[in-house]
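Thank you all for making time this morning.

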Amino acid sequence: MFRRGRRLRENEKIRSLVRETNISKRDLIFPIFVVEGENIKKEISSLAGNYHWSIDRLPEVIEEVKEKEIGGIILFGIPSSKDLCGSEAYNDNGVIQRAIKKIREIDKDIYIITDVCMCEYTSHGHCGIVEGSEVNNDKTLEYLGKIALSHAKAGANMVAPSDMMDGRVGYIRNILDENGYYKVAIMSYSAKYCSAFYGPFREAANSAPQFGDRRGYQMDPANRREALVEVEEDINEGADIVMIKPALSYLDIVRDVRERVNIPICVYNVSGEFAMIKSAAKNGLIDEKRVTMEALISMKRAGADMIITYHALEVSKWLEEE
Ligand code: PBG
């Protein structure tokens, strides 16, 4: 006697009855890059099918997100001027703050998440206030607080600090609460590794560090237990959702976190992961749809509840075709 596992694989009816994990368009978060200027919809060469949008053209992409019923959006801003302390990041009239207001005008329900970081706004490209050759943690917190507050004021539902400074979740939570924004949630990039998979994003956001690297604040890819320490700390400081980033090379971390914590987990299917699939598909080496769906299902199987992905619009279309 042996077990006939194939009985449960015989046709799509039974396969879907026994399927353990599913992807829904409502699990997906779509990144949107907003630039200064007018009438701009410019494809980002490193992220095929993704665009730089000026605020006046945002309605086009927001309509698409609504129509496709994607779970939410995460906004990244590219200011026209940068300085040492990233002042455009907390300018109440900055590119992101105006973008949020515009999106709110178009749709009052769309779930808006904002990336809270300084690297797109600082002239040196680091994620905080630089002193000597390093980023000063505690000074940076004050700026992150101002940035998060300005996003909340503009109408964001959730802020997502991606800077990897210590203590920022608690700091931001306090500022939001003190100002009455207790309903604004925090999704913390808790285990954010210092990864070469961010390469295409840095081109898209023009945020590569001008000297050194981010190893002094982002995590060492060799460390597994440390991710649990970071996640636990962020939960204690008040994170509503924890994030692991990148996704594909870090699925062991997603599983570890899933087994330890009960709050929702997000994974960021980052730019390099997306670009690898796009370019292999373009060269006829792989089937883009099948490889993408397999990659996304592996993230959910590892334990993620939601996924930030540049593929969100296409995935939603593929799911409808099924
Ligand atoms: C900002 C930030 C980065 C990404 C998201 N937020 C860049 C970085 O840390 O260098 C990367 C996203 C991606 O690669 O898709 N700090």
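Let me start with Lys66, which is partly exposed, since its relative accessible area is 33%; please keep in mind throughout that this is a predicted model. Lys66 forms a salt bridge with Asp107, and the closest N and O atoms of the two are 3.2 Å apart. Because Lys66 sits in helix H2 (residues 58-68) while Asp107 lies in the loop between helix H3 (95-106) and strand S5 (112-116), the pair ties together parts that are 41 residues apart in sequence. Asp107, for its part, is buried, with a relative accessible area of 13%.

In total the structure holds 25 salt bridges, and another of them joins the side chains of Asp163 and Arg168, at 3.4 Å from N to O. Here Asp163 counts as buried, at 0% relative accessibility, and Arg168 is buried as well, at 2%. There is also a network of salt bridges that links Lys25, Arg26, Glu69 and Glu320.

A nonpolar surface patch is made by Leu8, Leu17 and Val18, which together have about 290 Å² of accessible area, and Leu17, found in helix H1, is exposed at 71%.

Finally, helix H9 is mostly covered, with nine of its 12 residues buried, among them Phe274 and Ile277.

Conventions:
Residues numbered from 1 in each chain as written. Predicted model: local features only at pLDDT ≥ 70, side-chain atom pairs only at ≥ 80, totals over all residues. Heavy atoms only, no water. Buried < 20%, exposed > 50% of the residue type's maximum accessible area, 1.4 Å probe, protein only. Helix = DSSP H or I, 4+ residues; strand = E, 2+ residues; numbered from the N terminus. Patch = residues over 30% accessible without salt bridge, like charges linked within 9 Å, V, L, I, M, F, W, Y side chains within 5 Å. Areas by Shrake-Rupley, 256 points an atom, 1.4 Å probe, with all protein chains shown as cover. Salt bridge = Lys/Arg side-chain N within 4 Å of Asp/Glu carboxyl O.
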